[in-house]
Amino acid sequence: MKRGVWFCLALLFCATLPSISGQLPTNNEWEFGWDTEVEPSYTLALDGEKWKIQDTLVFFVDNPRINDLSLNIVVEFDEDLEFLDASFEESITVSAQSNETFSIDLSTSNPDDVRGHSPSDKIAIVVTAEESAAGAPVSPKEIDADLDVPRFHKLLPEVTLLASKVDAGTWIEESLLLNNMGNSVDAATKIEADVRNCPLLEIEGLEAGEDTQIQPTNVDGNEPLEIVFRIAPSSAHSTSTCEVTIVVTSEGNGLERSTTISIDVRDASSTTNSNTGD
């Protein structure tokens, strides 16, 4: 009888104990993902004046295990991409039952390559994390993202005078060069001349360069847009030095940039070598 009582008590005691398997933490799977918002794509930070990229992407690793997690990290870009460099920890350790973040620093060293990269072409980045574990190999995990180089517009006017003097009642021809020093197509929505101190001096023909698409200058052999214009003082113009500022408005960003030239006008009584207008 006593033996039966003790047996029943033992069964009751065992039933009240929590499951041993429930007490031991399982070997939960670790998680790996982006902390930086990269959807649908990530636009890199660009200094367009220096054509330099300096940016940081952040990823996280969540380790629910009771032991530390060691991972090997590999960062890869498109096979033909050479101008973007990545700096990161190749081996990382994530503490037990913690969520930690890690950085990938992105930078460039060749400004010509940065400017020559079309903003329409996305850059694919793939980050691989593989567990450093003894024994059987563990399948690596990957995350990826598309990176964008932002568009930067910089339309620069340039005039190098072939002649420094013009006679009143005649005209000379000069060239305005529009250099697209950005990384995408641009155009001049407006080209204007501001003439100071010489109300009888006309600048003719600049409008011919308006609304003409200009590819990035010196990229893939592209040349600046050349606009031939006339400097034409009236026959009543007196001898004076005239300052002309040519202002160009970019279609890409709406900004105005200018270049200034100085031209000497001689009155009609002076001897000239200029062409006579029609």
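This report describes strand pairing, salt bridges and a charged surface patch in a predicted model.

## Basis of the description

The model is predicted, so local features need pLDDT of at least 70 and side-chain atom pairs count only at pLDDT 80 or more, while totals for chains, interfaces and linings use all residues. Residues are numbered from 1 along each chain as its sequence is written, and side-chain values use heavy atoms, with hydrogens and water left out.

Helices (H or I, at least four residues) and strands (E, at least two) are DSSP runs, numbered from the N terminus. Two strands are described as paired if DSSP finds at least two bridges between them.

Five strands build an open sheet with mixed pairing, in the order 2-10-9-5-7. Strand 2 (42-43) and strand 7 (91-94) stand at the edges; each has a single partner strand, so one side of each lacks a neighbour in the sheet.

Within this order, strand 9 and strand 10 are antiparallel and share 7 bridges.

## Strand 4 and its partners

Strand 4 (52-63) takes part in several antiparallel pairings. Strand 1 (residues 31-34) pairs with strand 4 over 4 bridges, and Glu31 faces Asp62 of strand 4. Strand 8 (residues 98-108) is joined to strand 4 by 10 bridges; here Asp55 has Leu106 of strand 8 as its bridge partner.

## Strand 13 between two partners

Strand 13 (residues 170-180) is mostly covered, since 8 of its 11 residues are buried (buried means under 20% relative accessible area, exposed over 50%, and partly exposed in between, with a 1.4 Å probe and protein chains only). Strand 11 (residues 155-159) is antiparallel to strand 13 and is joined to it by 5 bridges. Strand 16 (residues 225-233) is likewise antiparallel to strand 13, with 7 bridges.

Glu158 stands opposite Leu177, and Glu226 in strand 16 is the bridge partner of Leu177.

## Salt bridges

The structure holds 8 salt bridges, each defined as a side-chain nitrogen of Lys or Arg within 4 Å of a carboxyl oxygen of Asp or Glu. One of them joins Glu49 to Lys154, with the closest N and O atoms 2.9 Å apart. This pair connects distant parts of the chain, 105 residues apart: Glu49 lies in the loop between strand 3 (46-47) and strand 4, and Lys154 in the loop between strand 10 and strand 11. Glu49 is partly exposed at 49% relative accessibility, whereas Lys154 is buried at 17%.

A salt bridge also links Asp148 with Lys122, again with closest N and O atoms 2.9 Å apart. The partners are 26 residues apart, with Asp148 in strand 10 and Lys122 in the loop between helix 3 and strand 9 (123-131). Asp148 is buried at 10% relative accessibility, and Lys122 is partly exposed at 44%. The side chains of Arg266 and Asp167 meet in a salt bridge with an N to O distance of 3.0 Å. Arg266 belongs to strand 18 (residues 256-266) and Asp167 to strand 12 (residues 165-167), 99 residues apart. Arg266 is partly exposed at 24% relative accessibility, while Asp167 is buried at 2%. Salt bridges with shared partners also join Asp194, Arg196 and Glu243 into one network.

## The negative surface patch

A negative surface patch includes Glu37, Glu76, Asp112, Asp113, Glu142 and Asp146 among its residues. Patches are made of residues with over 30% relative accessible area and no salt bridge; like charges are joined within 9 Å, and nonpolar side chains (Val, Leu, Ile, Met, Phe, Trp, Tyr) within 5 Å. Asp and Glu count as negative, Lys and Arg as positive, and His and the chain ends are not counted.

Helix 3 (111-116) and strand 10 (141-148) each supply at least two residues of the patch. Strand 10 gives the largest share, 3 residues. Glu142 is located in strand 10 and is exposed, with a relative accessible area of 57%.

How values were computed:
Areas by Shrake-Rupley, 256 points an atom, 1.4 Å probe, with all protein chains shown as cover. Charge placed at Lys NZ, Arg CZ, Asp CG, Glu CD.
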